[in-house]
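Open the model in your viewer and keep the sequence panel beside it. We will go from stop to stop, with something to select at each one.

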Amino acid sequence: MPHSPAEPSPSTPAPAHYRARPVHWLATASAMAAVIASAGLLQPDAATGASATTPIRPASAANGPEAAAPDAHALTYPLDCKGAPQAVTATAEGDLDGDGRPETVAAVRCDAGSGTPPHALYVLAQDPAKTAKPRVVATLLEAGRKQTATELTIRDGLVTASLLGYSSPEVPRYSPDTKQLAKWRWTGGKFRQELTDSTPTGV
């Protein structure tokens, strides 16, 4: 199953990635980006264009029988742990695209046994067939951002999480000193992301 990383919105800047020097995006109060999900799953209808109600699943799946939210522990994630196991540390469930069927957002990281491995956030969907397995249909947060996701929730179709990070390589990995409030909403065939710096004054 193809899997797409986060891509910047053409009209607004995406948040800067972690670099081996102090990150410079903390001066920006908020930023916008778009997360494009797997090809063929989240593409808008060519005849009608994208809309806020474009479903995450194909129409045949969206119109199927009711089903529970996808099981975050029932699949392997596209996260390279270099031989270490993967660990799902938090999940949230809710209908993200308004089709009446719940999705699951999973916070996943490598189970390295020490330190604080960064999180990746994945959106899972599942077709109604009894034999169908959950699928990753979008990545909201790449592990390469080197952030820890906490307080993961879904409410009224809005995914929120606090993202803890580091202002420089010298900051100990057990003591993150930056914090962002991240929000994602399914709009126009994409997950639109909003980031707000919420680092406490004096940190």
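Start by selecting Arg185 and Arg192: in strand S10, Arg192 is the bridge partner of Arg185. The two strands here are S9 (residues 178-187) and S10 (residues 190-197), which run antiparallel and are joined by eight bridges. Strands count as paired if DSSP finds at least two bridges between them. Now show the turn: S9 and S10 make a hairpin with two residues between them, and Gly188 in that turn has a positive phi of about 60°.

**Before going further**

This is a predicted model, in which local features need a pLDDT of at least 70 and side-chain atom pairs count only at pLDDT 80 or more, while totals for chains, interfaces and linings use all residues. Residues are numbered from 1 along each chain as its sequence is written, and side-chain values use heavy atoms, with hydrogens and water left out.

Colour the model by pLDDT, the predictor's confidence in each residue, from 0 to 100. The average for the protein is 77, and 67% of the residues score at least 70. Select residues 1-32 next: the pLDDT is below 50 there, and the stretch has 80 contacts in the model beyond near neighbours in sequence. A contact means heavy atoms within 4.5 Å. Then select residues 36-53, where pLDDT also stays under 50 and the model has 40 contacts beyond four places in sequence. Where pLDDT is low, predicted coordinates should not be read in detail.

**The whole chain**

Switch to a cartoon view. The protein has one helix and ten strands, and along the sequence they follow the pattern β-β-α-β-β-β-β-β-β-β-β. Helices (H or I, at least four residues) and strands (E, at least two) are DSSP runs, numbered from the N terminus. With a surface on display, the accessible area comes to about 10200 Å², of which 53% belongs to carbon and sulfur atoms; this area is from the Shrake-Rupley method with a 1.4 Å probe, and for residues only the protein chains shown count as cover. Of the 203 residues, 42% count as buried. Buried means under 20% relative accessible area, exposed means over 50%, and partly exposed is in between (1.4 Å probe, protein chains only).

**The four-stranded sheet**

Which strands make up the open sheet of four, and in what order? Select S3, S4, S5 and S6: the order is S3-S4-S5-S6, with antiparallel pairing. Strand S3 (86-94) and strand S6 (135-141) are the edge strands, each pairing on one side only.

Zoom in on the S3 and S4 pair, which is antiparallel over eight bridges. On to the pairing of S4 (residues 103-110) with S5 (residues 120-125), which is antiparallel over five bridges. Here Val108 stands opposite Ala120 in S5.

Is S4 mostly covered or mostly open? S4 is mostly covered, with seven of its eight residues buried. Pick out Glu103, which lies in this strand. Glu103 counts as buried because its relative accessibility is 0%. Show its side chain and draw a distance to the backbone nitrogen of Leu96: the side chain reaches that atom at 2.8 Å.

**A cysteine in a loop**

Go to Cys81, in the loop between helix H1 (59-62) and S3. Cys81 counts as buried because its relative accessibility is 10%. Leaving aside neighbours within four places in sequence, Cys81 is in contact with Gln86 and Cys110.

**Two positive phi angles**

Most residues other than glycine have a negative phi. With that in mind, select Lys146, which has a positive phi of about 55° although it is not a glycine. Lys146 is in the loop between S6 and strand S7 (148-155), and counts as partly exposed because its relative accessibility is 38%.

For the last stop, move to Glu151 in strand S7. Glu151 has a positive phi of about 55° and is not a glycine. Is Glu151 buried or exposed? Glu151 is exposed, with a relative accessible area of 54%.

Key: A polar contact is a pair of N or O atoms within 3.5 Å; within protein, one must be able to donate a hydrogen and the other to accept it, and residues adjacent in sequence count only if both atoms are side-chain atoms.
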